[in-house]
Amino acid sequence: MDLIIKNGTVVTACDTFAADIGVLNGRISAIADAINADSKTKMIDASGHLVMPGGVDVHTHLDTPGLLADTEDDFLSGTIAAAHGGTTTIINFCPQIKGRGLLDSLAEHRSRADPKAVIDFALHAIVSDPSERTLAELSALPGEGVTSFKLFMAYKGDTMVDDGTLIRVLHEARANGALVMVHAENGEAVEYLRDSFAGQGKLSPRYHALSRPPRVEAEATARAVALAELVGASIYIVHVSCSEALEEVVRGRQRGVAVHAETCAHYLHITDAVFEAPGFEGGKYVFTPPPRARHQPKIIWDAIARGDLEVVSSDHAPYNFHGGKDIGRDDFRQIPNGAPGIEERMMLVWQGVANGDLSPNRFVDLVATTPARIFGLYPAKGTIAVGGDADLVIWNPDVRRRLTQADLHSAVDYTMFEGMEVLGAPETVISRGDIIIRGGVFTGAAGRGRYIHRGTASSWSRPAKLEAQRS
Ligand code: DUC
Ligand code: ZN
Ligand code: ZN
């Protein structure tokens with residue numbers, strides 16, 4: 001064996017047990033009471049620690065050009081930051097380059113990622129220019145390992161698509177075994193509210209939130225679910241932030257629609273109280289959907305504990321505060337939309353375990369197993385099983401850490417969690433058998449991360465009887 005992790009407590013989405021883990025050629029080759037090393041085998045003593053699957057973050061925006069600014073992290077700084085946080089796989093959104101096709105955009109994005117990524121990565125295709133030519137390319141994407149297509153129901157005049165496009169893409173996705181992901185906000189309603197606040201001279205960051213209230217998210221969520229139902233397709237709602245949208249997800253499932261739904265770590269901790277800070281501080285928290293009212297995080301915590309929300313991702317969209325967000329100091333409409341969190345994500349969700357709201361197994365399910373299953377990465381990723389990739393995080397549940405930008409590894413110049421004390425943090429991170437983080441030090445190399453050719457969803461799908469009725 002190349003590596004043995006001894007004396008740890010193994011935690012998967014279902015089980016917790018004491019075992020040693022043996023690694024050979026990048027894969028888990030043994031899980032047993034006691035595995036003995038020979039003199040050439042590397043050993044890690046995980047006594048007093050938890051050994052969990054490396055995190056799977058299925059919602060990141062590395063190396064992404066934007067209308068107002070480009071994201072700060074490329075695949076090097078972004079994946080190093082992910083690794084420091086315990087994440088060993090990401091799925092990044094591949095933007096459709098204006099005037100170019102999906103396959104072409106994919107090749108371009110790959111060429112930027114391949115030489116830099118330090119952990120394994122896959123891609124989702126954003127469909128923002130739904131010409132006939134673009135739509136004709138959808139069926140070719142699964143052959144490239146891209147089995148999920150993302151559409152925006154907001155951002156009028158930019159990436160927003162109409163219902164007709166959403167229906168066509170759902171149809172193509174169903175035909176090709178792919179999954180449609182939607183940013184669910186009613187873009188027309190957002191435009192109306194933004195214009196009306198701007199017309200009254202209301203231009204500070206809090207109006208970003210006030211122009212995107214929960215009903216805007218809930219209406220689009222209900223519509224997306226209804227359209228998926230009509231087409232007989234599965235759908236994945238990204239970044240659910242509030243009870244109103246959550247209710248629409250649950251209602252759809254009760255009707256038998258195959259609705260997957262994620263939330264993001266910031267909705268568990270950040271509320272619209274951030275807009276009470278003086279000056280332009282609120283600009284740091286301009287992400288979409290926006291920070292919600294103070295009663296909402298508890299609802300989101302309960303939903304991830306119950307399983308109504310199945311995945312917690314980061315939606316890492318890193319724009320600098322200085323020279324980025326502050327372009328919109330005098331007008332919230334000019335603030336680049338998104339925030340960093342790729343490194344903080346797992347520690348933020350672990351606080352639910354620290355507080356007794358989540359079991360360690362539920363934590364693993366939310367941050368690794370279910371995302372891997374929904375997006376066709378399982379069982380190579382997302383669990384600890386013989387034959388799976390040796391992507392592991394050795395977690396110290398007893399360490400206390402104060403989050404601060406100076407200790408984090410994204411290229412962005414702030415964290416939304418500055419000064420927050422967390423209990424529990426990753427100590428050693430292993431990717432395909434390579435120790436890439438040890439004692440807070442990155443020991444991997446640029447370009448060692450591999451592109452993952454994804455399969456289709458391996459989680460629950462439509463019940464066979466319902467499927468038969470519709471075809
Ligand atoms: N939606 C995302 O998913 N990410 C960044 C910005 C946005 O609106
Ligand atoms: Zn979005
Ligand atoms: Zn996003």
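**Entry 1: the model.** I am working from a predicted model.

**Entry 2: cis peptide bonds.** I looked up the bond from Thr-288 to Pro-289. It is cis, and omega is near -10°. Next I asked where Pro-289 is found. I located Pro-289 in the loop that runs between helix H9 (266-269) and helix H10 (296-306).

I then turned to the bond from Tyr-378 to Pro-379. This peptide bond is cis too, with omega near 5°. I placed Pro-379 in the loop between helix H12 (360-374) and strand E14 (392-402).

**Entry 3: Asn-7.** I checked phi at Asn-7. The angle is positive, about 70°, although Asn-7 is not a glycine. Which element holds Asn-7? I found Asn-7 in strand E1, which covers residues 3-11. I also looked up the accessibility of Asn-7. Its relative accessibility is 44%, so I noted Asn-7 as partly exposed. That class lies between the cut-offs of 20% and 50%.

**Entry 4: Asp-63.** I went on to phi at Asp-63. It is near 50°, a positive value, and Asp-63 is a residue other than glycine. I traced Asp-63 to the loop between strand E6 (55-60) and helix H1 (75-84). Is Asp-63 buried or exposed? I noted Asp-63 as buried, because its relative accessibility is 11% and buried means under 20%.

**Entry 5: recap.** I have Pro-289 and Pro-379 down as loop residues. I have Asn-7 down as a strand residue, and Asp-63 as a loop residue.

Definitions and conventions:
Residues are numbered from 1 along each chain as its sequence is written. Chains are lettered from A and ligands numbered from 1 in the order in which they are written. This is a predicted model: local features need pLDDT of at least 70, side-chain atom pairs count only at pLDDT 80 or more; totals for chains, interfaces and linings use all residues. Side-chain values use heavy atoms; hydrogens and water are left out. Helices (H or I, at least four residues) and strands (E, at least two) are DSSP runs, numbered from the N terminus. Buried means under 20% relative accessible area, exposed over 50%, partly exposed in between (1.4 Å probe, protein chains only).
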